[in-house]
Amino acid sequence: MEYITVALAKGRLAEMTTDLLEKAGLDVHELREKSRKLVFTDEKNKFKFILVKASDVPTYVEYGAADIGVVGKDTLLEAGKDLYEMINLGFGTCRMAVAGPKELEGKLDSIHNMRVATKYTEIAKNYYHLVKKQSVEIIKLHGSVELAPIVGLSEVIVDIVESGKTLKENGLVVLEEVCDLSARFVVNRVSMKMESKRILALVAKIKELLAKE
Ligand code: PRP
C-alpha cells in the first residue's frame, strides 16, 4: 500500500489538524513530539505527514507531493490553485477585512486611487477589481501590515482580523468585510482518483466527527 501524504500548515493550524487526525483514527504521536523534523509517518495506516509553511501547502498539493492539505481559506484564495476543497473544518476561523483609521468610515468609495497595503494581493485585487469595481493601487507587504496606514504608506489595509486586538492596539478599525475564513481540507485532483477509497473514508470520518461537535 502506498503512503497517503498530508501537508500540514506549520503552527497553530498544524496543532489543531493533528488533534483532528488523531480523532479520525490516525497515529499522530510522532507529530506531537517537539522536534525539528518535517516528515512523520503512521506506519500502520500508511500515512505520511509533512510540515510546510502555510502559504506553500497549496503548492505541495497541486503538484501531488502531498495528496491532502489542511490550510486556511485565505491561503487557498491567494494561491488560486486547482484543488478539490472537500471540507470546511470550522477551526481557524477569522475574517478578511478592509481596515484603516476611523476617520475613513463611510468615505472609502470617494478616495481616488486609494492605496491598499496587504499580504494578500490576489484577494485584494479580486475584491476591488471584480467585486467593488473600484480602481485602487495595491501595495504588497510581507507582515506588520497594520503599520502602513499609520505611517502613510497606504490609506487602508486588507488583512486578517481574528480577535481585533492588533487593529485596536494600532488605532485602526474594520471598514469593510471581505469574507469569512477558516481551515479547509483540500485534495490533489489525481490523488482523488487514484486513492479515492482511502481519502473518501477519511473525509467521511472527519465529517462525522464535525457533525458531532
Ligand atoms: C495576523 C494578521 C493580523 C493579526 C490579526 O497576523 O495579519 O496582524 O493576525 O489577529 P488579531 O485580530 O487577533 O489581532 P499573523 O499573526 O498571522 O502574522 P503576520 O505578522 O505575518 O501578519
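An oxygen atom of the ligand lies 2.8 Å from a polar backbone atom of Glu162, a polar contact being a pair of N or O atoms within 3.5 Å. The model is predicted: local features need pLDDT of at least 70 and side-chain atom pairs count only at pLDDT 80 or more, whereas totals for chains, interfaces and linings use all residues. Residues are numbered from 1 along each chain as its sequence is written, and side-chain values use heavy atoms, with hydrogens and water left out.

A polar side-chain atom of Lys119 is 2.6 Å from one, and an N or O atom in the side chain of Thr166 is 2.4 Å from one. Of the 500 Å² of accessible area that the ligand has on its own, the protein covers 62% (Shrake-Rupley method, 1.4 Å probe).

The elements that give two or more residues to the shell around the ligand are β9 (156-161) and α7 (165-169); helices are DSSP runs of H or I with at least four residues, and strands are runs of E with at least two. Strand β9 gives the most, with three residues.

Attention now turns to helix α5. In this helix (residues 121-131), Thr121, Ile123, Ala124, Tyr127 and Tyr128 are buried, that is, under 20% relative accessible area with a 1.4 Å probe and protein chains only. These buried residues pack against α4 (73-79), β6 (94-100), β7 (115-118), β8 (137-140), β9 and β10 (173-181), where contact means heavy atoms within 4.5 Å. Just after α5, Lys133 takes a positive phi of about 50 degrees.

How values were computed
Polar contact = N/O pair within 3.5 Å; in protein donor to acceptor, adjacent residues only side chain to side chain. Buried < 20%, exposed > 50% of the residue type's maximum accessible area, 1.4 Å probe, protein only.
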